[in-house]
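Subject: Structure for your review

Dear colleague,

Please find below the structure that I am handing over to you. My findings follow directly after it.

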Amino acid sequence: MNKPHLLTLLFLAAFSPLLAAAPPAKPADDGERDEYAESTVIADPLERVNRATFWFNDKVYRFLFEPISKVYTTVLPKVVRRGIDNAYENAKYPVRLVGSVMQGKLDLAARQSGKFLLNSTVGIGGLLKPSQKVDWTKDLPAEDMGQALAKWGVGHGFYFVIPVMGPSSGRELVGMGVDYAANPVNWLWIIGSGAEDWAWIPPVGNTVASLPEGLSRYKDSTKDAIDPYTSVRSTFVQNRRSATER
Amino acid sequence: MTTRRPLLGVMLFALTLSGARAQQGAVEHLKQTIDAVLHEADRAASHEALGKAVRPMLEKRVGFETMTKRAIGPGWRQFSTVQQAQAVDLFTALIIRSYASKFTPGERPVITYKGSVSTQPQRVEVPTTLVYRGSQYAVSYRMELTDGWRITDVSIEGVSLVANYRSQLDAAFRSGGAASVLKALQKTNNT
């Protein structure tokens with residue numbers, strides 16, 4: 001019999017039905033329902049490797065991304081950065097549309113479409129967000145494929161720390177792949193246009209533009225943490241669960 | 001029977017009304033607490049000074065003992081009375097330091113209070129929206145009625161402060177008991 005491929009094993013383990021749902025909260029010693037008991041639980045059999053990757057990522061964020069972020073926020077005025085953030089968010093409309101439809105949130109999908117149309121036209125290609133002035137399109141939650149998979153009952157599977165990118169899980173990795181493909185910012189890159197025709201600019205620009213917010217969230221999670229690795233893992237699990245329950 | 005039904009209705013209405021008033025009290029309590037912190041934040045020379053200035057007020061309005069107990073989890077029962085008091089003191093200092101560090105004098109967040117939702121008897125969630133430096137966050141406060149309303153947890157974008165520390169302190173307890181938890185809290189406070 002052929003040896004099962006390592007990736008197959010990882011895939012099966014990552015989507016084991018046993019890990020699909022968190023067990024109910026156990027009662028605490030004083031009889032009170034202990035709702036915090038299982039709220040941050042995720043299988044982490046690769047913890048030693050994950051901790052090493054986390055350490056590496058921390059150095060990358062501190063010594064490479066922070067200086068880039070500092071230059072970006074110093075060189076570009078806030079109003080320009082806001083416009084760039086808005087445009088990238090607007091471009092991600094297919095990600096939100098697919099995420100909404102896959103979760104059966106058709107009303108939200110319609111509202112996401114309205115928001116995209118409004119921001120793309122009145123908002124000058126998404127640089128402005130007139131959608132925030134209209135109740136029907138205001139403050140719409142970001143939807144993604146990871147949420148849809150969770151809604152379908154797919155469990156997290158293993159916890160992974162991806163080099164440079166940070167925390168993820170079996171389920172979220174698949175979700176991220178679909179979201180990446182659905183994001184027009186990456187389309188030129190995906191269809192094979194090389195660096196010589198500037199296809200790399202939109203995704204790299206997207207990464208740089210997202211650094212200030214991403215680094216701020218990372219710092220919030222690690223500052224004042226007793227164990228930064230566990231804190232980030234807990235933040236990831238809770239954040240994804242909250243997005244799914246929304 | 002015919003006279004009892006209206007009476008029952010009035011009683012239920014009165015109960016609902018008193019429940020609604022109690023919940024409104026929680027929102028008012030929260031508003032007053034946050035306003036008081038923001039007022040101090042505008043005057044404080046540093047985050048450390050802000051932490052010192054707001055601690056006495058927060059100790060009356062935040063259920064730090066409840067938060068510490070839940071952040072430590074089942075291991076709490078194995079702490080001696082002295083260790084429990086130490087843990088509450090250290091965890092309170094950590095939470096206040098962390099909270100104070102988020103404020104910058106003169107930069108006031110815009111907070112929208114969205115009422116309150118009763119989760120269990122004597123417990124409410126108060127969802128708010130906070131806009132700070134151009135970014136919007138969903139911040140929800142858990143409050144419990146004991147000898148007055150007390151804040152017992154804060155969730156930012158679905159991430160609970162207590163749950164986050166539970167994952168860390170529970171691991172510390174399992175590795176070395178109460179002494180390990182106290183050492184970890186002390187070390188974090190000193191960094």
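In chain B of this predicted model, helix α3 (residues 64-72) packs against helix α4 (residues 81-100) at an angle of about 100°, and their axes lie 9 Å apart. Axes here are lines fitted to C-alpha atoms, for helices over the stretch in contact, and angles run from 0 to 180 degrees between N-to-C directions. Helices (H or I, at least four residues) and strands (E, at least two) are DSSP runs, numbered from the N terminus. α3(B) and α4(B) are therefore roughly perpendicular to each other; angles of 65 to 115 degrees receive that label, those under 35 count as roughly parallel, those over 145 as roughly antiparallel, and the rest as oblique.

On the side of α3(B), the contact is formed by B:F64, B:E65, B:M67, B:T68, B:A71 and B:I72, and α4(B) contributes B:A87, B:V88, B:F91 and B:T92. Two residues are in contact if their C-beta atoms, placed from the backbone, lie within 7 Å. By class, the residues of this contact are seven nonpolar, two polar and one charged (Ala, Val, Leu, Ile, Met, Phe, Trp, Tyr, Cys and Pro count as nonpolar, Asp, Glu, Lys and Arg as charged, and the others, Gly among them, as polar).

As for conventions, residues are numbered from 1 along each chain as its sequence is written, while chains are lettered from A and ligands numbered from 1 in the order in which they are written. Local features need pLDDT of at least 70 and side-chain atom pairs count only at pLDDT 80 or more, whereas totals for chains, interfaces and linings use all residues.

Chain B as a whole has five helices and six strands, in the order α-α-α-α-β-β-β-β-β-β-α from the N terminus. Of its 191 residues, 33% count as buried (20 or more other C-beta atoms within 10 Å of the residue's own; 12 or fewer is exposed, in between is partly exposed, and C-beta atoms are placed from the backbone).

Strand β3 (residues 123-132) of chain B has several antiparallel partners; two strands pair if DSSP finds at least two bridges between them.

- Strand β1 (residues 110-113) of chain B is joined to β3(B) by four bridges, and B:T112 stands opposite B:T129.
- Strand β2 (residues 117-120) of chain B pairs with β3(B) over three bridges, with B:S118 facing B:V124 as its bridge partner. The two strands form a hairpin with two residues between them, where B:Q122 in the turn has a positive phi of about 70°.
- Strand β4 (residues 135-145) of chain B is linked to β3(B) by ten bridges, and B:T129 stands opposite B:A138. This hairpin also has two residues between its strands, and B:R133 in the turn has a positive phi of about 50°.

In chain A, the axes of helix α4 (residues 93-102) and helix α5 (residues 106-121) come within 8 Å and cross at roughly 165°. α4(A) and α5(A) are therefore roughly antiparallel to each other. Among the residues where they meet are A:Y93 and A:L97 of α4(A) and A:L108 and A:F116 of α5(A).

Finally, the contact between the chains takes 20 residues from chain A and 24 residues from chain B. Helix α10 (residues 228-245) of chain A supplies nine residues, the largest share of the side of chain A.

Kind regards
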